[in-house]
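Student: Can we go through some strand pairing and helix packing here? I'll ask as I go.
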Amino acid sequence: MTKNHRQVSPQNRMINRDGSFNVVRKGLSYSRWHYDLYHVLIKLSWVKFIAFISLGYIIANVLFAFAYLAGGDGIENARPGNFGDAFFFSVQTMASIGYGAMYPKTPYVNILVTIEALFGLLGLAMASGLMFARFSLPKARVIFSRIALIAPHNGLPTLMFRVANKRQNWILEAQVRVSLVKSELTKEGDFMRRFYDVPLVRSQSPLFALSWLIMHEINEDSPLYEVTPQEMIDHEMEIIVTLTGIDETVSQTIHARHSFLAEEIAWNMRFVDILSKTSDGRRCIDYSRFHDVISLDD
């Protein structure tokens, strides 16, 4: 019988399911929007990014429209003092459209047009660069099993979880690293979150295209040796996974992250087999059962 994964509160985890960090940062003496604007604009969601660019574009044209109005009747065929005409003249100037219906007729407006044309050229270059950088940013399409398992394998209790590449290409020289994070008290009574390396049976894959069962044998050298499910909960243990590799299509390094809390680790279960062969002998992977597990007694 297939078991469903358990729902876990996200507040306790360090790494969210989407790979983002679940850490609140306080006390920073600088604003990211001031000192790290490029990074912020790269990391913004597409909706917020488009809204930010659109808002900046509108504000710039509004300011130039007021500047044109301050010069009096300096735009040919525009109604004197009309904000709408000044605003749309600014839009045409900044975008280098040049319909010809409205054009500058005073030195003051000609100077403003020169400044706005330069401003629009620089703004277009920066916006285009940001768009290209966001589109070209390599992203991994890697999925992790919703739960990890601890079950016997070759006579030893073994931590296991699945990883798969959702794209139809290869991830070259894929490498996986697993760490155990747990809460500890030092002899002086100080609270710490300690990281422990978790050695894997196989941590590298030269060609990663299908699924990959990551395994860690729990022996005397393992940080999970003789750890019980309740101890994992009491010490707020979290299994953190990082995967890196080279996307063969764009030849760039990609990264993926995931974590498993103690409540997301099932004991004495096994994953359902998802690899098979088609009628013509080709290998087939069934992603619809990627997260399914069954009891060892079944």
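Student: Which residue in β12 does A148 stand opposite?

Tutor: A148 stands opposite I265 in β12. This is a predicted model, where local features need pLDDT of at least 70, side-chain atom pairs count only at pLDDT 80 or more, and totals for chains, interfaces and linings use all residues. Residues are numbered from 1 along each chain as its sequence is written, and side-chain values use heavy atoms, without hydrogens and water.

Student: In what sense do β4 and β12 pair, parallel or antiparallel?

Tutor: Parallel: β4 (residues 148-153) and β12 (residues 265-267) share 3 bridges. Strands (E, at least two residues) and helices (H or I, at least four) are DSSP runs numbered from the N terminus, and pairing takes at least two DSSP bridges.

Student: How many bridges join β4 to β5?

Tutor: 5, and β4 and β5 (residues 156-165) run antiparallel. A151 has T158 in β5 as its bridge partner. The hairpin has 2 residues between the strands, and N154 takes a positive phi near 55°.

Student: Now helices. At what angle do α3 and α5 pack?

Tutor: About 175°, with the axes of α3 and α5 (residues 107-136) 11 Å apart. Axes are lines fitted to C-alpha atoms, for helices over the stretch in contact, and angles run from 0 to 180 degrees between N-to-C directions. α3 and α5 are therefore roughly antiparallel (over 145 degrees).

Student: And how do α3 and α4 cross?

Tutor: The axes of α3 (residues 46-70) and α4 (residues 83-94) come within 8 Å and cross at roughly 120°.

Methods:
Parallel < 35°, antiparallel > 145°, perpendicular 65-115°, else oblique.
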